[in-house]
Each structure stands twice: as C-alpha cells, then as structure tokens.
Amino acid sequence: MILRILKILIKVAIISIAVVVFIFYLKFLLKPYCLKLGYTLCAAIGEDFFALYQATYNFFHNIFIYGEQAQTILVTPYFVVFKYFPITPLLIGWPFLLISSQVELAYHSYLLFVLLFYVLGFYAIYLIAKKFQVDNLTKVGICFLWFTYFPILSDLRMGQFNLIVSLFFLFSLVFLVYSKNILSALSWIISLALKPIALLNIGYYFKTKNKTALILFLLFFVIFTIGYLGYHGLYYPKAFSDFFNLVFLSGNRTGWQIHYPDNFSINSFLAELLYDKSKVLFVLASKLHIFLLFSVFLLFSFKLKFQQDIKTDFYYSLYAFTTMIMYHKEVWESWLSVWVIIVSLLLILAKNKKEKIFLFLNGLILGTPSLFYFYELNRSDFWRFLLISEKSLPQILIYGYLLYKICIIIRQSIQPKADI
C-alpha cells in the first residue's frame, strides 16, 4: 500500500514539474527576452511567420511570392524569403491576414493557434496510447517529454512551422488508428501545406490506395503549383527557377551548412568530422549519405506490404517522415521540435523496457537545451563538435532504431511468426 502511494506521488511530482516548466515556456514567449541557451532564442521574433504573412499578402494582391519581386511592397518589418508551396498562403495564411493588418498581432495569434494545437496534440497522443493499451509509467514519461521539450521554444519564438506540421502529421495518424481515412488524408494535406516534411508519406497513401489523399495532392501540390508558376512565368521568366532555387536551397550555403553552431543536421555532423581534414572526402560522404538514405527508403518501401496491421502503418509513416528530416542539410534547433512527436509515438509502440529507456533517453537529450552556452564561452572547434554531436547523434540512433523495426516488419511478412 505504501509503495503504491509512493509511486503515485512520484508520478504526480513528475507531471507537476512538466507543467511548471511549460508555464515558464509560456512566460518566455509572452515576455520575450534573450535566453542564451540557443541561437534562435536570441534571434528575430516571428521571423518565419513574417515570410508566410508577406507571401499571403502578395498572393491576394497578385504579386509573385518568390524571388526579388516578392519584396516590392513590404508589409512585414523586414523581408524573409518564402520557401514552401504556393498553396500554403491560400490554405494557411489567409486567416492570419484577416486577423490583423499588424503583423506582430497576427504572429501572436499564430502562437496561440500552435499552443492550442500542442495541447490538443497531447490529447491525440493519449488517444493513441489508450488504443495500444500503454502502461501508466510510459504515459507519464511521454507527458514529461511533451511539456518540457525545449526546442518548441525556438520554433514558436521564430514563428516557424516544424511543430505545427508535426502536429497535423500526428493527427493524420490518430485518424488512421480510428479508421477515419478521409480525415487522415486531410490532416496530411494540411501538414504538407504548412511545410512539406511529410512529403515522402505519399508512398503510404499510394500503397494503401487512399484516393482522397492522392487526388488532393495532385490538385493542391502538382496542378496548383505548376499553374501558379506558369501564370507568373508569362511576365516573369524566372518564376520556375526562383521557386526551385528556394525549395532546394541551391546556391552557396556553406556558411549555413559547415561549422554553423545551430545546424544539427547529419550533413553538419559529417562536416565536423571530415570537412577540415578533406573537403573531397566530406563531399563524397555527404553525397553517399543521401544516396544510401533514399536507396534504402525506396527498397524498404518496395518490399513492405501492408496487411491491415496498424503497427506496420505507424512504423512506416514515422520512417517516411523522419527520412526527410535526416536528408535535410539545415536542421535548426527549432527543427528538433518534430522529434517530440516521433519519440512519443515510438514510446507507445515500443514492446519492452529496454526500447523505452533507449527512446526516452535519446528524446530527453534532444529535448534539453543544447551546449550552445558553453560553446559561446569557449568558441573552440571541440565545443562546436560537442554541440552538434549532442543533437545529431540521438537523431541517428532513433533513425537506426526505426530502420531496425522496418527490417523486422519486412522479415515478418516473409515469416509470419516473427515478433516486432
């Protein structure tokens, strides 16, 4: 009896700590000051939201949303390039344009919007955990990660879209669990419209023959994009090139991708290991990384068969989602906010304590402040290496875990008695 009460008190204490930390995050967002635990926490407030707001204004005033023309009439404090699909202002941006002609007020409305959805996202996690009959200790661990996850501060302060994209991706999986295929497709489309992190998940909807998802993707992201670029291309010859240059981050990006202390991509990690020793070796390793990443993904996608097993659907969906993160060469501190959704879902799916401890520890490392403060004090190559390694290595480990799970699922399709 005493032991049971003690366990309950510990769980209540953990949840209370998580709530207190989350309240501190809210206070930081409402009363912004420079918190020197990460680069983006001292950077411009609402920066990426400004890009969406400007693009939405341009869209409805028949001004091209990409390239030099996009800043001809500036309605934001300063110009930030817009890097996403042209459907984004039409589907996502217009409510914030209607809310206020003052972009700062619209940005705070966006903050409220994301925070409300973040709380709703926790309820979505609860619904999935309930469906998979997850134990209470795992639920408490997820709750602690969810409300103490530090990178969400960077995402919200900069007005970025990684967190909200991941939440709509999460909602698509919730609807999948409860067999709401049309709502699952709609949530995925909204996720893509905000930022195309879940682009590779089209493979899942293709293999499961979800006509709603495929038709909406064709209309909103293929036909609409070509039509929009073609229309502006009639009088602006650089329309297509401006779009593709922005989407693929072409041009000289060395300053952002090599030895940049806020870039936690795998490419950045390879740069720390190889760039100063041999630029040729680094380029080869970087290209090999991308080749292997997509080759393995295509191979596994081809071999994987969906046989009405929800765990298979979940693992593959998470695998496709994280593959895009592992590919991207510029993974900022705010990008790490996506991992709270991924780790939470994997904790629900994990079959034993060892897996749960492994996932929780890696999630905890990704969810804490980086070593940026110590790097600022020393500014040495060694501290920069530790700073980038601290956040890139857990990503590699979690992705490796996902690959391991997908391999077992493929083997299970050949040998039905195998257990995942």
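**Close-up 1. Contacts of Lys 391 in the predicted model.** Not counting residues up to four places away in sequence, Lys 391 touches Phe 264, Leu 336, Ile 365, Leu 366, Gly 367, Thr 368, Pro 369 and Ser 370. The residue is found in helix α19, which runs over residues 381-414.

Close-up 2. The buried residues of α5 are Thr 138, Val 140, Gly 141, Ile 142, Cys 143, Leu 145, Trp 146, Phe 147 and Thr 148. What covers these buried residues includes α1 (2-30), α4 (103-131), α7 (162-177), α16 and α17 (353-366).

**Close-up 3. The nonpolar surface patch with residues from α10 and α11.** Ile 215, Leu 218, Leu 219, Val 222, Ile 223, Ile 226, Phe 240, Phe 244, Val 247 and Phe 248 form a nonpolar patch on the surface, and together they have about 880 Å² of accessible area. The elements that give two or more residues to this patch are α10 (211-233) and α11 (239-247), and the largest share, 6 residues, comes from α10. One of the patch residues, Leu 218, has its place in helix α10. With a relative accessibility of 44%, Leu 218 counts as partly exposed, because that class lies between the cut-offs of 20% for buried and 50% for exposed.

**Close-up 4. Val 296 in helix α14.** Val 296 lies in helix α14, residues 279-303, and has a relative accessible area of 29%, so the residue is partly exposed. Leaving aside neighbours within four places in sequence, Val 296 is in contact with Tyr 319 and Leu 403. Val 296 and Leu 52, by contrast, are 34 Å apart in space, C-alpha to C-alpha, and 244 residues apart in sequence.

**Close-up 5. Confidence along the predicted chain.** The mean pLDDT of the protein chain is 91, and 98% of its residues reach 70 or more. Confidence is lowest in helix α12 (residues 254-257), at a mean of 76, and highest in helix α16 (residues 338-349), at 97. Where pLDDT is low, the predicted coordinates should not be read in detail. Helix α16, with the highest confidence, is also among the elements that cover the buried residues of α5.

Key
Residues are numbered from 1 along each chain as its sequence is written. This is a predicted model: local features need pLDDT of at least 70, side-chain atom pairs count only at pLDDT 80 or more; totals for chains, interfaces and linings use all residues. Side-chain values use heavy atoms; hydrogens and water are left out. Patches are made of residues with over 30% relative accessible area and no salt bridge: like charges are joined within 9 Å, nonpolar side chains (Val, Leu, Ile, Met, Phe, Trp, Tyr) within 5 Å. Accessible areas come from the Shrake-Rupley method with a 1.4 Å probe; for residues, only the protein chains shown count as cover. A salt bridge is a side-chain nitrogen of Lys or Arg within 4 Å of a carboxyl oxygen of Asp or Glu. Helices (H or I, at least four residues) and strands (E, at least two) are DSSP runs, numbered from the N terminus. Buried means under 20% relative accessible area, exposed over 50%, partly exposed in between (1.4 Å probe, protein chains only). pLDDT is the predictor's confidence in each residue, from 0 to 100. Contact means heavy atoms within 4.5 Å.
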